[in-house]
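Open the model in your viewer and keep the selection panel at hand. This tour goes from the whole chain to single residues.

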There are 2 protein chains.
Amino acid sequence: MAAVQDGTVPSSTTVNKTAHPFDKVRLDALLNRRFFYAPAFEIYGGVAGLYDYGPPGSSLQANIIAEWRKHFIIEENMLEVDTTIMTPAPVFETSGHVARFADWMVKDVKTGDVLRADHLVKNVLEARLAGDKEARGLAAAPPTDDKKKKKKAVKTAAVALSDEVVAEYENILAQLDNYSGPEIGQLCKKHNIRNPDTDNEVGEPQLFNLMFASSIGPTGQHPGFLRPETAQGHFLNFSRLLEFNNGRLPFASAQIGRSFRNEISPRAGLLRVREFTMAEIEHYVDPEDKRHERFNEVRDVKLSLLDRHVQEAGKSTITEMTVGEAVDKGIIANETLGYFVARIYLFLVKIGINPQRLRFRQHMANEMAHYATDCWDAEIHNSTGWTECVGCADRAAYDLTVHSNKTGHPLVVRQALKEPIVTEKEVPEWNKKTLGKTFKQDAGVIQKIVESMEEDQLVKLKGQLAQGKAVVASPEGKEFEITPEILTIERKTIKQSIREYTPNVIEPSFGLGRILYTLLEHSFWSREQDVERGVLSLPPVVAPTKVLVVPLSAREEFDPLVKEVSSKLRRAGVFSRVDDSNTSIGKRYARNDELGTPFGVTLDFASVQNRTMTLRERDTTDQRIGPIDEVIAVVTELVFGNITWEEACQRLPAYDGVQAVDS
Amino acid sequence: MAAVQDGTVPSSTTVNKTAHPFDKVRLDALLNRRFFYAPAFEIYGGVAGLYDYGPPGSSLQANIIAEWRKHFIIEENMLEVDTTIMTPAPVFETSGHVARFADWMVKDVKTGDVLRADHLVKNVLEARLAGDKEARGLAAAPPTDDKKKKKKAVKTAAVALSDEVVAEYENILAQLDNYSGPEIGQLCKKHNIRNPDTDNEVGEPQLFNLMFASSIGPTGQHPGFLRPETAQGHFLNFSRLLEFNNGRLPFASAQIGRSFRNEISPRAGLLRVREFTMAEIEHYVDPEDKRHERFNEVRDVKLSLLDRHVQEAGKSTITEMTVGEAVDKGIIANETLGYFVARIYLFLVKIGINPQRLRFRQHMANEMAHYATDCWDAEIHNSTGWTECVGCADRAAYDLTVHSNKTGHPLVVRQALKEPIVTEKEVPEWNKKTLGKTFKQDAGVIQKIVESMEEDQLVKLKGQLAQGKAVVASPEGKEFEITPEILTIERKTIKQSIREYTPNVIEPSFGLGRILYTLLEHSFWSREQDVERGVLSLPPVVAPTKVLVVPLSAREEFDPLVKEVSSKLRRAGVFSRVDDSNTSIGKRYARNDELGTPFGVTLDFASVQNRTMTLRERDTTDQRIGPIDEVIAVVTELVFGNITWEEACQRLPAYDGVQAVDS
């Protein structure tokens, strides 16, 4: 209370997180030093596109997953599944992945180096545009002194381009995802795009399938692939899931798991990798009713949208509107798609993504995956530009239909109609005995002809029969004369009480590694007084460690208190770590600022004597003091998001100890 | 309180879980019907050894993992990692897996069918022993009427064997894991063991490597394997992990993730699969000090042990003793190994494994994996016999040493010694100028010879130099005469303050699918009054759903209460599901008994009028009643294990409603 009564301004107002410009080199160094993640098999020289997560990276990922499970699976009673990664080839032949899950690659005609075709065009044209800007005197100096980065960046002389060429390049870049392979090949020729590493020409674009292949069993007879998405595992189990859900629609299945894509030349850290953890939802919905029961709960969520028409016009103008407005105007196709777009937004913001750097971009027609009819990507802005982190696709009935057709196992919903659909219909009725006796082996043919007739043909036939006889012709021209003794046609009322249909699928699909990396970028800053002191302002909900317990030293007299505080925090469900290493408290806090630990408690001689403890907040470095149990109660509420730091300051007075331990 | 004051006996005493013998066919049918798991790609005909988990199986697995994380990672501050599955070939060449991670297979000489050699011997000999028992009139009738199973089981006529042959077969079976491939081939010849499906002979055993192979990148130049264990991912990151732990030992890394083994002929459901989730711990320890700080906490845990000497004598006699005793007697090699064996025991019992059906079996010498020096398996008894579910191996310094040697990257600990080790040593000191001038290009050779001398040689040389000159001979026999002007040798005191060593690794490794399946067997029983009414008595800590919310019907008037109760349970952290399907309350409870849901609450007209709710316990079908909020409070404490059902009964009176809804 003291602080508030004193009129002290909470020091959070004094934190300046933008005192230093964002520095990717510093962030990368921090993530490597603190082992958030590192190249896999580093001591073997590493392999592009494979990364291992260390303790803070693993915890951050586990916390993001736990929050995802809560936000989606538990909140909406989704049916979780866990299906295999290894998949026999026929599944991906049916799904279209064997034929179409591929990227265009080009080979350097001299070295044979392989490059992804669209990335090559992007890198070269962007470099030329940058060179043009520099020549026109518009370019800023390179923001960092990262030597490695400079080496890898495409070097292009500062050459001015004509306004026309600039416009053409910009137009190409705005719809790069819209070009086919041969079109990219033409672009390379027309604009003399070469391998920037060697300045050699590149050959014609070729398709490269992105699935890792293997073979199942000892005889090598069963080719298999590592799944490139978890989705097929959901679809193949659709009938079981529907039954589990008591036959009712809509419902959703959800899965968190590894997927694999054999990327052509992965380079961008966690943003483009060959093995990654996904979280996917397949929401099954009646194609004739894509409303969503809970749409009203998200109707007012405001989104930044970039629709396909804007992009196809070569622009990238963002429109801000509520999801309700977007659905009403038909920009987002239906409520269910809109509902998930909004829920994705809410999830990303909750875990710490900056909403100012989050937009939803609609796929252009040629860009769409082969199974999708509409798709909105959640793109998060970071130092490499806008990156797709979540896809939200309407896969329509594509997957269920192709698997159904291939296997003969119907993946459909049978819905009992509340009101049966009543129709009137002409129905042929046979005297089978007479039919057989009269026509022998032709009886079946005749039956088939009549029963495949349209309504108007049946009416005509009925008229003829009323006259005493009728002639029925086979497709080969053979004619049969039939009489009312053999066939009568009557108008009947048909009641249809079951409707059978293939559901449509709305699929929100999350790339967790990309989200994790962009979150780290959005969370990173350096203290105003010292650029070397990096901080990751991760929200408590995802921070790897919630509370750091810091005894003044590793001396035995602090042990009982350290154990008491740790065990009380554990019982309260708060994950803490002890740092009793042999270094100053300030250094220990600085190290944990880099790990994103939001709170710290210090145990010193006063703690032993008076059972008090200080509480430090990471971003402000503000310190409060109180009785040990009260501090534990306050920090627990902070971690679970029940109170803000300002409210905590009203419960714990400022710490004005002589030993300022920090900053 | 009423119940207790009335002197009512808690009805749990009346539950008879063994009224019907265990029936695997019924359990399998239940697991399939309720979609705990099912063969993957079932609609494509399935692939042996690949299974998908449905909603209850996924939840059960997720809950087991959550408890594992709490019991091991959080409780002991382990460092979690998440490393890649795809692994470049050189890693497994170094680790020995390319050469030695293989099983012996035999081919049917006529059909080419492939069988795992040791399994073939086991199946045939066990069938013969069963036939012998039957012939002697000792055999029980087959316990089930499972036609499929009968078809697959090895058919053997009821032929009596001599006592000698019986003893020989039993001896072979007791140490089957101890035979090499060629030895198994001899067994097949000697005992005329043939493919039971065809009665054809089988060829010589051949090694089949169990790793799935693939290739990384577009050029196919980088062969890779899917990891068969997560362990290598830990070891390759050892230096980073050690640094993260401030350079201190002991510590442990932990990882939960998928691994793959291309089993030769997987048949036993979840017990032998080609893709599975593991949880592995690598605990790094000083090879000279394998004590464990917390050993005293587990010293009195009583274990069933089957050591290697007993097995090598062809026996399987279990010894019961505390882990303290086992370590004291040297049966378990050291405290750290013993500590983890006990912690594994405590974990398995906590999640519901029957301790009477849990034993620890030590590996025999020939059976051990190529990297292990000692290994104890936690084996869980189930309908197929004893199954290895957790391995606890001492991998010694094997892995860190081989990777270190291969890569040149030292995977070692550098420990600052509290007391430096002081030694005296003869140290050669050169006058480099004179040495060079005198011997020119031979100078280096001479230096090398002298500096590689043992202590006694140096003393001898020193004596010669004291006489004025000495002769040094190269390995090729060339001699050099050196003088005290060139070389002096002095006795010096050397202080060593850093000790460098390669840690040993103790590895508890959990196969989660096997644990999950045996847990389901241990939990399954049928109600005494009706064998068709199966129950899974899963402990609340792992049960997929903790509380079932059952409104009397789907009528709208119950909606507000259903929502209120669901949301209050969610806020209390209790996972519940609503079943408002159109069937009787009794049937809904029966369905959820099959899903292992421990508690149910019913909302009826009394709930609407009086805000009361009944609470039902799964195993006893006992029902209590109380105000809604009190029932929520009680069930929350039940779910978190804070109170027993008997204690709950003291807080909520028995329900004697006219509408008995159950049993």
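Start by colouring chain A by burial: 53% of its 663 residues are buried. Buried means under 20% relative accessible area, exposed means over 50%, and partly exposed lies in between, with a 1.4 Å probe and protein chains only. This is a predicted model, in which local features need pLDDT of at least 70 and side-chain atom pairs count only at pLDDT 80 or more, while totals for chains, interfaces and linings use all residues. Residues are numbered from 1 along each chain as its sequence is written, chains are lettered from A and ligands numbered from 1 in the order in which they are written, and side-chain values use heavy atoms, with hydrogens and water left out.

**Whole chain**

Switch to cartoon. Chain A shows 25 helices and 28 strands. Its radius of gyration is 33 Å, well over the 26 Å that the globule rule gives for 663 residues, so chain A is more spread out than a compact globule. The radius is taken over C-alpha atoms, and the rule is 2.2 Å times the number of residues to the power 0.38. Helices (H or I, at least four residues) and strands (E, at least two) are DSSP runs, numbered from the N terminus. Draw a box along the principal axes: the C-alpha atoms of chain A fill roughly 115 × 65 × 55 Å.

Of the contacts in chain A with a separation of 6 or more, 71% join residues 24 or more positions apart.

For chain A the accessible area is about 30100 Å², and carbon and sulfur atoms hold 50% of it. These areas come from the Shrake-Rupley method with a 1.4 Å probe; for residues, only the protein chains shown count as cover.

**The annotated span**

Select residues 183–544 of chain A. UniProt, in an unreviewed entry, lists them as "domain: Aminoacyl-transfer RNA synthetases class-II family profile". UniProt positions follow the numbering used here, feature names are shortened, and annotations may be inferred rather than shown by experiment. The end C-alpha atoms of this span lie 46 Å apart, and the span is 28% helix and 36% strand.

**Strand β16**

Go to Cys392(A), in strand β16 (residues 385–396). Is Cys392(A) buried or exposed? Cys392(A) is buried, at 0% relative accessibility. Show its neighbours, leaving out residues up to four places away in sequence: among them are Phe340(A), Trp376(A) and Pro508(A). Then pick Pro627(A), 235 residues from Cys392(A) in sequence and 49 Å away, C-alpha to C-alpha.

Stay in β16 for Ala396(A). Ala396(A) is buried at 16%, and its phi is positive, about 50°, although it is not a glycine.

**Backbone exceptions**

Most residues other than glycine have a negative phi, and most peptide bonds are trans. Select Asp199(A), in the loop between α9 (181–190) and β7 (206–209). Its phi is near 65°, and Asp199(A) is exposed at 51% relative accessibility.

Next, find the cis peptide bond from Leu249(A) to Pro250(A), with omega near -10°. Pro250(A) sits in the loop between α11 (238–244) and β10 (251–260). Move to chain B: Leu249(B) and Pro250(B) are also joined by a cis bond, with omega about -10°.

**Last stop**

Finish at Thr230(A), in the loop between β9 (222–226) and α10 (231–236). Thr230(A) is buried, at 1%. Beyond four places in sequence, Thr230(A) touches residues including Thr83(A), Gln255(A) and Glu280(A).

Terms used
Contact means heavy atoms within 4.5 Å.
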